[in-house]
Amino acid sequence: ALMLDLEGHITEGSGDNFFIIENNKVISPEPRNMLRGISRDYVMNTLCPELGIEVIEKNIDAYDVYNAEEAFMTGTPFCMLPVTHLNSVPIGSGKVGKGFRLLINKWSENMGVDIIKQIKDWNATDSGKSSESPTPYNFKKN
């Protein structure tokens with residue numbers, strides 16, 4: 001779910017921060033009416049500068065998401081997850097994009113952990129299949 005402010009702009013997800021990628025720029029909603037998460041901060045102030053990616057904070061509407069090349073969310077339980085559809089409409093190609101892969105690979109490199117492998121390994125455990133899992137997120141295999 002994406003949360004909207006009183007003007008109808010996207011602010012954040014139900015437990016995550018939301019971004020779009022357009023023209024090799026990472027775009028985040030303006031930092032008001034939202035919880036400014038530490039994962040959001042890490043993407044904007046560490047990963048993007050290390051990769052030479054411009055970061056913009058501005059109002060984002062559903063129209064912007066539908067027309068974005070990519071979208072993703074950040075949150076403590078999972079670092080980053082791609083968002084490939086909004087209301088069943090594909091975002092960009094409807095598949096995980098190169099911008100997301102670049103960011104998650106840099107995060108993995110910085111931490112010395114293969115984050116994607118870690119999520120896939122967790123999915124393969126009983127915990128990953130249990131309705132009692134410690135996170136509300138459903139990690140789809142891609």
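Modeller: Start with Asn24, which is found in the loop between strand S3 (17–22) and strand S4 (25–28). Keep in mind that this is a predicted model.

Colleague: What is phi of Asn24 near?

Modeller: Phi of Asn24 is near 60°, a positive value in a residue other than glycine. Most residues other than glycine have a negative phi.

Colleague: Is Asn24 buried or exposed?

Modeller: Asn24 has a relative accessible area of 57%, so the residue is exposed. The cut-off for exposed is over 50%.

Colleague: Where is Ser88, and what is its phi near?

Modeller: Ser88 sits in the loop between strand S8 (85–86) and strand S9 (89–90). Its phi is near 70°, again a positive value in a residue other than glycine. Ser88 is exposed, with a relative accessible area of 68%.

Colleague: Change of topic. How many helices and strands does the protein have?

Modeller: There are 5 helices and 9 strands. Along the sequence the pattern reads β-β-β-β-α-β-α-β-β-β-β-α-α-α.

Colleague: What percentage of the residues is buried?

Modeller: Of the 142 residues in the protein, 42% are buried. As for contacts with a separation of 6 or more, 56% of them come from residues 24 or more positions apart.

Colleague: Now the helices. At what angle do H1 and H3 pack?

Modeller: Helix H1 (residues 38–51) and helix H3 (residues 98–111) pack at about 95°, and their axes are 10 Å apart. That angle makes H1 roughly perpendicular to H3.

Colleague: Which residues make the contact?

Modeller: From H1 they are Ser39, Tyr42, Val43, Thr46, Leu47, Cys48, Glu50 and Leu51. H3 contributes Leu102, Leu103, Lys106, Trp107, Asn110 and Met111.

Colleague: How many of those are nonpolar, polar and charged?

Modeller: The contact of H1 with H3 divides into 9 nonpolar, 3 polar and 2 charged residues.

Colleague: Stay with H3. How many residues does it have, and how far does it reach?

Modeller: H3 has 14 residues and reaches 20 Å from its first C-alpha to its last. That is close to the 20 Å expected at 1.5 Å a residue. Just after H3 comes Gly112, with a positive phi of about 70°.

Colleague: Which residues of H3 are buried?

Modeller: Gly99, Phe100, Leu103, Ile104, Lys106, Trp107 and Ser108 are the buried residues of H3.

Colleague: And what covers them?

Modeller: The cover includes S3, S4, H1, S6, strand S7 (79–83) and helix H4 (115–124).

Colleague: Last topic, aromatics. How many pairs are found?

Modeller: A search of the whole structure finds 3 aromatic pairs. In one of them, the rings of Phe19 and Phe72 have centres 4.6 Å apart and planes at 5°, so this pair is stacked.

Colleague: Where do Phe19 and Phe72 lie?

Modeller: Phe19 lies in strand S3 and Phe72 in strand S6 (residues 70–75), so the pair ties together parts that are 53 residues apart in sequence.

Colleague: Are those two buried or exposed?

Modeller: Phe19 counts as buried, at 0% relative accessibility. Phe72 is buried too, with a relative accessible area of 0%.

Colleague: Which residues form the aromatic cluster?

Modeller: Phe19, Phe72 and Phe100 form one aromatic cluster. Phe100 is one of the buried residues of H3.

Notes:
Residues are numbered from 1 along each chain as its sequence is written. This is a predicted model: local features need pLDDT of at least 70, side-chain atom pairs count only at pLDDT 80 or more; totals for chains, interfaces and linings use all residues. Side-chain values use heavy atoms; hydrogens and water are left out. Helices (H or I, at least four residues) and strands (E, at least two) are DSSP runs, numbered from the N terminus. Buried means under 20% relative accessible area, exposed over 50%, partly exposed in between (1.4 Å probe, protein chains only). Axes are lines fitted to C-alpha atoms, for helices over the stretch in contact, and angles run from 0 to 180 degrees between N-to-C directions. Angles under 35 degrees count as roughly parallel, over 145 as roughly antiparallel, 65 to 115 as roughly perpendicular and the rest as oblique. Contact means heavy atoms within 4.5 Å. Ala, Val, Leu, Ile, Met, Phe, Trp, Tyr, Cys and Pro count as nonpolar, Asp, Glu, Lys and Arg as charged, and the others, Gly among them, as polar. Rings of Phe, Tyr and Trp (its six-membered ring) pair if their centres lie within 6.5 Å; planes under 30 degrees apart count as stacked, over 60 as edge-to-face and the rest as tilted. The expected span of a helix is 1.5 Å times one less than its number of residues.
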